[in-house]
Amino acid sequence: MASDQTYEHYYVPHNSRLPIFASIGIFLTVFGTGHMLNDMTAGKEHSVGTWILLAGGLTMGFTLFSWFSKVIEENHKKLYSHQMDRSYVWAMSWFIFSEVMFFGAFFGALFYVRMFVVDWIGGVGHRGPSDMLWPGYTPEWPLLDTPDPKQFPGAKEAIDPWHLPLVNTILLLTSSVTVTFAHHGIKEGNRNKLIGWLALTIAFGIAFLFVQAYEYHHAYTELGLTLHAGIFGTTFFMLTGFHGAHVTIGTLMLIVMLGRAMKGHFSPDNCFGFEAASWYWHFVDVVWLGLFLFVYVLGS
Amino acid sequence: MWLKIVIVVLFIANLVVLSSAFYTLMVDQGKAGKRTANLLLLRVSLAALLLAIVAWGVWSGQLGISAPWHHSA
């Protein structure tokens, strides 16, 4: 018969306010974004939604910081059993699975449009009513024209892959090298090596984001390449934009790991948090390699 | 054509090694051993090789800028 001794102790925290704060933060973020987009559509210059979104972001930032701090504190107090550790490991697995499916969907959309839809509309197979809807359509990629150029102007020109995108590829690849050096530092028990290379990785990550912001500004203001510039602009910004969001998440993860490393939280045989963040950074780098190859270089 | 095949193979190798590193990360759970760190080192080496081959392909003219972004409307 089962008794208390049969099972490991499973720590359950009590009376936490953090889930309520998280709910409020998520609500404000979504409500603020919706409000802001509606005001943008209506042509309003200033929207109260921006402030609501900011409040939601700050609430979420505070909640996540407090939550992670609490989890780290509980871990250091050794309140977690092996079963709890396994729960975190599996949580990481499902998170990565969702990330793979997320990017799989966007890459899938890109391949589907480029390999099939562009030709179908151009007359391969049954063209159907497309000739009536889009007279004079020429199947090509990148598809810079749109069916209604007045309402949705197409891009005038496109970004040269061998300048800013190449710089970003080198930046991200170099950051993967430096995070690997930091990884080896942690495994050798060399804290200075860990901190130095990790700080450099974060600097490369921030540099990547600055270059991407500059690239977007260039695309919008000089090339007419916008999110509304037909399927080409849409797939470009959806893929690279969400990738940029993931670089931001990865950079934040690494900043947290740097803080923990400086506090001496890691040892060669207890560093799952760092290894998971490091792996995530490599994942983001591989996604970028896919973008660089399939979106920029091997296209058409 | 063979250059593009090499590039795609190297990209797939990146995915395979990254997946292997994820497996060792989950199994080892941050405990002793450098399996994950070594696999990630291999991963980034493959990525550097891939980028070097792309650069060589462009430099030698075997890899044209055939697609996106470089066209004018």
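Colleague: What kind of crossing does helix 1 of chain A make where helix 1 passes helix 2 of chain A?

Modeller: This is a predicted model, in which local features need pLDDT of at least 70 and side-chain atom pairs count only at pLDDT 80 or more, while totals for chains, interfaces and linings use all residues. Residues are numbered from 1 along each chain as its sequence is written, and chains are lettered from A and ligands numbered from 1 in the order in which they are written. Helices (H or I, at least four residues) and strands (E, at least two) are DSSP runs numbered from the N terminus, and a crossing is left-handed if the near helix is turned anticlockwise from the far one by less than a right angle, right-handed if clockwise. By that convention, the crossing of helix 1 with helix 2 of chain A is left-handed.

Colleague: How are helix 1 and helix 2 of chain A oriented, roughly parallel or roughly antiparallel?

Modeller: Axes are lines fitted to C-alpha atoms, for helices over the stretch in contact, with angles from 0 to 180 degrees between N-to-C directions; angles under 35 degrees count as roughly parallel, over 145 as roughly antiparallel, 65 to 115 as roughly perpendicular and the rest as oblique. Helix 1 (residues 18-41) and helix 2 (residues 48-76) of chain A have axes 7 Å apart and pack at an angle of about 155°. The pair is therefore roughly antiparallel.

Colleague: Is A:Gly61 buried or exposed?

Modeller: A:Gly61 lies in helix 2 of chain A. A residue is buried if 20 or more other C-beta atoms, placed from the backbone, lie within 10 Å of its own, exposed if 12 or fewer, and partly exposed in between. Because A:Gly61 has 12 other C-beta atoms within 10 Å, this residue is exposed.

Colleague: Which helices of chain A do the buried residues of helix 6 pack against?

Modeller: Helix 6 (residues 191-223) of chain A has 33 residues and reaches 47 Å from its first C-alpha to its last, close to the 48 Å expected at 1.5 Å a residue, where the expected span is 1.5 Å times one less than the number of residues. Its buried residues include A:Trp197, A:Phe204 and A:Phe208. In chain A, the buried residues of helix 6 pack against helix 5 and helix 7 (230-262).

Colleague: Which helix of chain A gives the most to the side that touches chain B?

Modeller: Two residues are in contact if their C-beta atoms, placed from the backbone, lie within 7 Å, and 45 residues of chain A are in contact with 35 residues of chain B. The elements of chain A that give two or more residues to this side are helix 3 (82-122), helix 5 (164-187) and helix 8 (272-297). With 15 residues, the one that gives the most is helix 8.

Colleague: How are helix 8 of chain A and helix 2 of chain B oriented to each other?

Modeller: Helix 8 of chain A and helix 2 (residues 35-59) of chain B have axes 11 Å apart and pack at an angle of about 20°, and their crossing is left-handed. Among the residues that make the contact are A:Trp279 and A:Leu289 of helix 8 of chain A, and B:Arg43 and B:Leu50 of helix 2 of chain B. The two helices are therefore roughly parallel.

Colleague: How many of chain A's helices and strands are there?

Modeller: Chain A has 300 residues, of which 30% count as buried, and its elements run α-α-α-α-α-α-α-α from the N terminus on. The totals are 8 helices and 0 strands.
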